[in-house]
Amino acid sequence: GTLGSTPLPTQTLARGSYRLRFEMPGRVTVGYPVTLGRGESLAVTVALPPTDSVPDGFIYVPAGRFVYGSREIESIRGFLRAEPAHTVTTGPYLIARHEVTYAEYIEYLAAQSPEQRGALLKAAAASPAQLQERPEGGWRLILTVGAQVYTLDSGSPLIYEGRKQRARVAWERLPVSGIDSAEAQAYMAWLDRSGRTPGARYCDEHEWERAARGADERLFAGGEVLYPTDANIDDTYGKVAAGFGPDPVGSYPHVVSPFGLFDTDGNVYEPAVSSHRADVLMVRGGAYFYSAIQARTTARFDVPASLRDTTLGLRVCATWPPPVAAK
């Protein structure tokens, strides 16, 4: 329901999980999940950025608290590498609604000089998701998923022979994968440098988990259960070899996180900076080849910076307020 216009008088609410929504003309509409305890008194202050200050495709997450980690028994937490549940507060930040797509990554490649682009493509020649620039124009993706190898040219669809649903998809809308950490960071530096997303960077684990689960202790973006029809995980296409593979971003619009993110429960894993070491990446969010338990919002696994895999993609965060451009 509508609570009214701020400043609000004191509200008395039952304990539990809530999602507040703040709206103001000329300002970004902001969601604010919050969990209230018995007898707790909480003052909420939310800054609303100007509408034109948040780049397209990004969500503004205001400063606030949430429950990070898991209350599961130690054996389950150990398997998931999840930390014990505790309250964490983050500052404000931006996070992308979708995983980075091939179309977006190709835009980055096309913006480089021919020499820089050639070097980038050569360095990624051994990737299981290899992009090639075609001499006659357009692009080619050679995507290796298990024993399946798909050779795809610009404008031609990817056809999964083992699927009955989402069997014919636009590969340009798939999440980019097979890039290593150096390439991901170069892409985000370009987003920052070009002004498309000032302050673009990896999410850290606290930011990722808060955006994926909101303020409460839900296991998945939509609640406590993840059905095969809710995300692209191992069971989604019946574990048929010719059905495994990424989906176009946003293919499960009925399941979004409390902050409005798509695909945080599967499709491709998303690297985030470890909450303990800035030089370590942890992957979060599940992937098409892995089970629902590995897609939990609390599951976290470390990966080497050099890893290239078609189950590993990228979701971008950005510093807020945006850094001032150097003159």
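Arg134 is partly exposed in this predicted model, with a relative accessibility of 23%. Its salt-bridge partner is Asp153, and the closest N and O atoms of the two are 3.4 Å apart. By the criterion applied, the model holds 24 salt bridges.

**The Arg71–Glu217 pair**

- Arg71 and Glu217 form a salt bridge whose closest N and O atoms are 2.7 Å apart.
- This pair links distant parts of the chain, 146 residues apart: Arg71 is in the loop between strand 4 (64-68) and helix 1 (74-80), and Glu217 is in the loop between helix 5 (205-213) and strand 13.
- Arg71 is exposed, with 61% relative accessibility, while Glu217 is partly exposed at 32%.

**The Glu270–Arg315 pair**

- In the salt bridge between Glu270 and Arg315, the closest N and O atoms are 2.8 Å apart.
- Glu270 lies in strand 13 and Arg315 in the loop between strand 15 and strand 16 (316-319); the two are 45 residues apart, and the pair links distant parts of the chain.
- Glu270 and Arg315 are both buried.

**A salt-bridge network**

- Salt bridges also link Glu205, Glu209, Arg213, Arg284 and Arg300 in a network.

- An open sheet is made of three strands, ordered 13-14-15, with antiparallel pairing.
- Strand 13 (270-273) and strand 15 (301-303) are the edge strands; each has a single partner strand, so one side of each is left without a neighbour in the sheet.
- From one strand to the next, the twist averages 45 degrees.
- Strand 14 (residues 281-284) runs antiparallel to strand 15 and is joined to strand 15 by three bridges.
- Within this pairing, Leu281 stands opposite Val303 of strand 15.
- In general, strands of a sheet pair through backbone hydrogen bonds, in either a parallel or an antiparallel arrangement.

How values were computed
Residues numbered from 1 in each chain as written. Predicted model: local features only at pLDDT ≥ 70, side-chain atom pairs only at ≥ 80, totals over all residues. Heavy atoms only, no water. Pairing = 2+ DSSP bridges. Helix = DSSP H or I, 4+ residues; strand = E, 2+ residues; numbered from the N terminus. Axes fitted to C-alpha atoms, helices over the stretch in contact; angles between N-to-C directions. Salt bridge = Lys/Arg side-chain N within 4 Å of Asp/Glu carboxyl O. Buried < 20%, exposed > 50% of the residue type's maximum accessible area, 1.4 Å probe, protein only.
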